[in-house]
Structure formats: C-alpha cells, structure tokens
Amino acid sequence: MTGGIPLCGTIVINGAKNAALPLMALGLLTDQPLALEGVPLVGDVHTLQEILEELGTSIMRLHNYFVLKTHRVTSTRASYERVRKMRASILVLGALLGRCGEAEVSLPGGCAIGARPVNLHLDGLRALGVTIDIEHGYIVAKAPKGRVRGGMYEFPKVSVTGSMNVLLAAVLAEGESCLKNVALEPELGDFITCLKKMGAVIEREGSTLWIQGQSSLGGAQHKILPDRIELGTYMVAAAITRGNLLLENADISLVMAAVDLLRKIGAVVEEVTPNTIRVMASDALEAFSMRTGEFPEMATDLQAQFMALATLGQGTSEITETIFDNRFMHVCELIRMGAHIELEGNHAVVFGQKRLMGAPVMATDLRASASLVLAALAAEGTTIIRRVYHLDRGYEGMEIKLAQCGAQIQRLTTQPEQDELLVVRA
Ligand code: EPZ
C-alpha cells in the first residue's frame, strides 16, 4: 500500500444524529419531561437546542441524557436566523402545529446538496386541515379552531423528515389519520417507538401508518438507536486504510447494503457480537457499482465516503446518486488529491488509482467532509481540510476517535464556524 497508516483499534458509535433531531422535536409535544439517552454532541443538535429553547423548551444534560421539558410553548415562531443553519429545524413546524395549532417557521431554502423543497411536508399538513401561506419567507400555518384534525395523505415521493413532520401533527390531531408511503428509514421507526412511549396511538404496516390522535401526550425515556451513517463511515475508514477496526454500539442490520458491498469487493466484515462489528482489509479493494436509494438500499449519506474508497479501487467504479440532485460536491476536492473521476449528471465514473496525494481541500457539506477525511487517511503526505465545521455538524469527535486508532490527525483552530483546519498526515 502506498501511503496511509492502517487504522487499528476500537471506535464506539454514537446515537444517531438523524434520529436525535426529530426525537428532540418531540419535546414540544408534551409538558412532561422527555429523557433522551445517547444524543450525540454535534453541531446540528446544538442548533436545534437553541431553536427549541427559543420556543420555550428547557433542556438539561444529565450524564448521558438530554432531558427536555416544555411546560408551556412561549413562542410559535422559528426564525430564519436559526432555521437557515439546518434544514431539520423544519421539524418544529409539525410539532408546534400539534401542540398549539399554529406555527410560523422560516422556509429553510436550498443547501449544498440540492434544492431540497418542503412541498411534501406542507401538502401533508394541509391534508390535516392546516392552512398554509408563505409570507415574507415564512411558512405561516394555522389549524382552524386551534387543533389539527385527522386526515389522509399519501406521499407521492418518500421523504424522511416529511413523514416525521406530518406525524408530529397527526399524533395530537382530533380524529384518525392515515399516512401512506412514509419512509422506511430506521430513524422513523425509532421516532415512532418513542412516540408510542409518550402515549401516541400509531399502527404501522410497512409504509402505511394509522394514527389515532390524542388530546395530550406524556413524557418518556428513550435510548436513541446507533448512528448507521457514522458506523458506515468508520467501516469505510477501516477499508480505505487497510486497517482493522472494531466498531461498538454498531447494529449490522442498519448497514447491510454497505456490509454486502464491502464484502463483495474484498473486505472482511464480521459481526462479533450483536452490537459489535469488525471490519478488516489487507489489499486494495475491487472496483464496484453502487446506487444510492431509500432504506434498506445504500444510504445517500454514505455515497461520498464510498466514492473516496473507489478512488483507490482496482479498476473502474460507477456510482449513481438517486436521492439528491447535487450531491457530488466532494468530487472536485477528491480530484485535487489525485483522484480520477468523471461526472455525468447524477452518475460518477471513478477510475481507481494506486495512490492519492495529500492536498489543501475544502469541505462543502457534512458527508463530503467525511469523504475528504477518509481520502486523506489513505493519501501520501499531508492534507489540510478547511471548513470542518461541516464535519462537526454530524460527527462527534471524529479526529479523536481516529487518532485513538493510529491516525495522524490534528485540529488547528477551535473557533466554531470559523475556517477551521483539520490536518491529516499519512
Ligand atoms: C433526511 O433528510 C436526512 N436528514 C438526510 O441526511 C438524508 O440524506 C435524507 O433524509 C435521505 O435519507 C435528517 O434526517 C435530518 P428527504 P430529508 O425529505 O428528510 C425530496 C445527513 O447528511 N423532497 O427524505 O430532508 C428531496 O429533495 C443528511 O445527515 C421533496 O421533493 O430528506 C430529496 O430529493 C443530509 N419535497 C428526496 O425527497 C419534500 O417536501 C428525499 O428527501 C421533501 C423532500
């Protein structure tokens, strides 16, 4: 192998960011405490914490728990200043409608990975009797008579947070609702489990949900499921550095598409215990063909990381992105490190190289940043990654976890949201 230190050691996977965010929004639905175990300490969680606190939620950290309590909602307006930082903050729309029958939430706008409209969230809420106007960049939503009513909505396209947003309102609606073609992503399953603990009445059959609206919900205690994207990222880290990583708090059933692909191209992936996985690789891996899709297919949130792996594969790989329209921002940066990638629309052809070279690169979004770190771990020489605050939005202490497994990685500045640098030497 040219360049790169094989990573060896143990990494503990955090609770899932993409489950923690909607679960935190559940704190708005009740005046009772909601105790969430395993909330990752990442940027997006802090952003949502600030939004919820502005709306009247008090949040305390007790050991490994976040305890949220919304005795009274003090404001039903989520401002552009906060919402623009993170699209998932749109989840307070459904929650405020459920609890208060009204909400004013800034439209989130586009982001680095594509247009990302919220039309399905709004159509689903309209089906519950909510009137929605767009005024000065804000979604102004009101339920007649102050309470959402039950309704029926079939999502014309699967949306993870869209399904959650409509469900947030439906659980406190007057009457029954039926939501069809909801997401099958495990984070929605975790969300429903917690809602049921709070007293919501929900029946699920595949992608159809029946909801019996309640007049109030209670508190709950809930452990967040492991982060399958963090897990998949470290699985690729083991493979790309030809290392040997033991991943704990790792549920293999959440990442089977990634496991199958890694095994097919020559990595060893073993389920050591029901929540521990070992990933090992010793030679350059084979080229592959990969297509992102809805769960249980390959997650779009792992596309950039697998592309980093393909740049060092034996042969030509093909990667098709089907979920987002502009999720190849990492390509130009990987090319700066010596990768050979050709793009055609939502399809990338990656010509495997014998080596990558360290270079100064720029992180553009969360998963793109992760792919640059992975490429840097396997590249010859030093890579300097700018704007790693993107990384911190979704990965807790990535450089610490990697350094504990032998990576030479160092953060140079620690001012949040500045032009932070991560230096990786191989
Ligand atoms: C969630 O985003 C995740 N975010 C994303 O993870 C993930 O990439 C995505 O699901 C797909 O798995 C959170 O859970 C917080 P969608 P979400 O609504 O819910 C289109 C990460 O890196 N669409 O399922 O916003 C949309 O444009 C992040 O952690 C509409 O057209 O995604 C996309 O093409 C990034 N209208 C597709 O549906 C809508 O109203 C799926 O988006 C909503 C979505």
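Reader: To begin, where does Pro296 lie?

Author: Pro296 lies in the loop between β17 and α10. Helices (H or I, at least four residues) and strands (E, at least two) are DSSP runs, numbered from the N terminus. This is a predicted model, in which local features need pLDDT of at least 70 and side-chain atom pairs count only at pLDDT 80 or more, while totals for chains, interfaces and linings use all residues. Residues are numbered from 1 along each chain as its sequence is written, and side-chain values use heavy atoms, with hydrogens and water left out.

Reader: Which residue does a cis peptide bond join to Pro296?

Author: That residue is Phe295, and omega of the bond is about 10 degrees.

Reader: Next, backbone angles. What is phi of Asn249 near, and where is Asn249 found?

Author: Phi of Asn249 is near 55 degrees, a positive value in a residue other than glycine. Asn249 is found in the loop between β14 (244–248) and α9 (256–264).

Reader: And what is phi of Arg387?

Author: Arg387 is not a glycine either, yet its phi is positive, at about 60 degrees. Arg387 lies in the loop between β22 (382–386) and α13.

Reader: Why does Arg387 count as partly exposed?

Author: Arg387 counts as partly exposed because its relative accessibility is 36%. The term covers what lies between buried (under 20% relative accessible area) and exposed (over 50%), with a 1.4 Å probe and protein chains only. Asn249 also counts as partly exposed, because its relative accessibility is 24%.

Reader: Which backbone oxygen does the side chain of His390 reach?

Author: The side chain reaches the backbone oxygen of Thr364 at 3.4 Å. A polar contact is a pair of N or O atoms within 3.5 Å; within protein, one must be able to donate a hydrogen and the other to accept it, and residues adjacent in sequence count only if both atoms are side-chain atoms.

Reader: Now the ligand. Which residues come nearest?

Author: Of the 22 residues around the ligand, Asn119, Ser159, Thr161, Asp301 and Ile323 come nearest. A residue is near a molecule or strand if one of its heavy atoms lies within 4 Å of it.

Reader: How much of the ligand's accessible area does the protein cover?

Author: The protein covers 88% of the 830 Å² that the ligand has on its own. Accessible areas come from the Shrake-Rupley method with a 1.4 Å probe; for residues, only the protein chains shown count as cover.

Reader: Which elements give two or more residues to the shell?

Author: They are α1 (17–25), α5 (119–126), α6 (160–170) and α12 (366–378). Helix α5 gives the most, with three residues.

Reader: Let us turn to aromatic rings. How many aromatic pairs are there?

Author: The count comes to two aromatic pairs. Tyr153 and Phe155 form an edge-to-face pair, because their ring centres are 4.9 Å apart and their planes stand at 80 degrees. Rings of Phe, Tyr and Trp (its six-membered ring) pair if their centres lie within 6.5 Å; planes under 30 degrees apart count as stacked, over 60 as edge-to-face and the rest as tilted.

Reader: Are Tyr153 and Phe155 buried or exposed?

Author: Tyr153 is buried, with a relative accessible area of 10%, and Phe155 counts as buried at 1% relative accessibility.

Reader: What about Phe288 and Phe306?

Author: Phe288 and Phe306 form an edge-to-face pair, 6.1 Å centre to centre with 90 degrees between the planes. This pair links distant parts of the chain, 18 residues apart: Phe288 is in the loop between β16 (276–280) and β17 (289–291), and Phe306 is in helix α10 (residues 303–311). Phe288 and Phe306 are buried.
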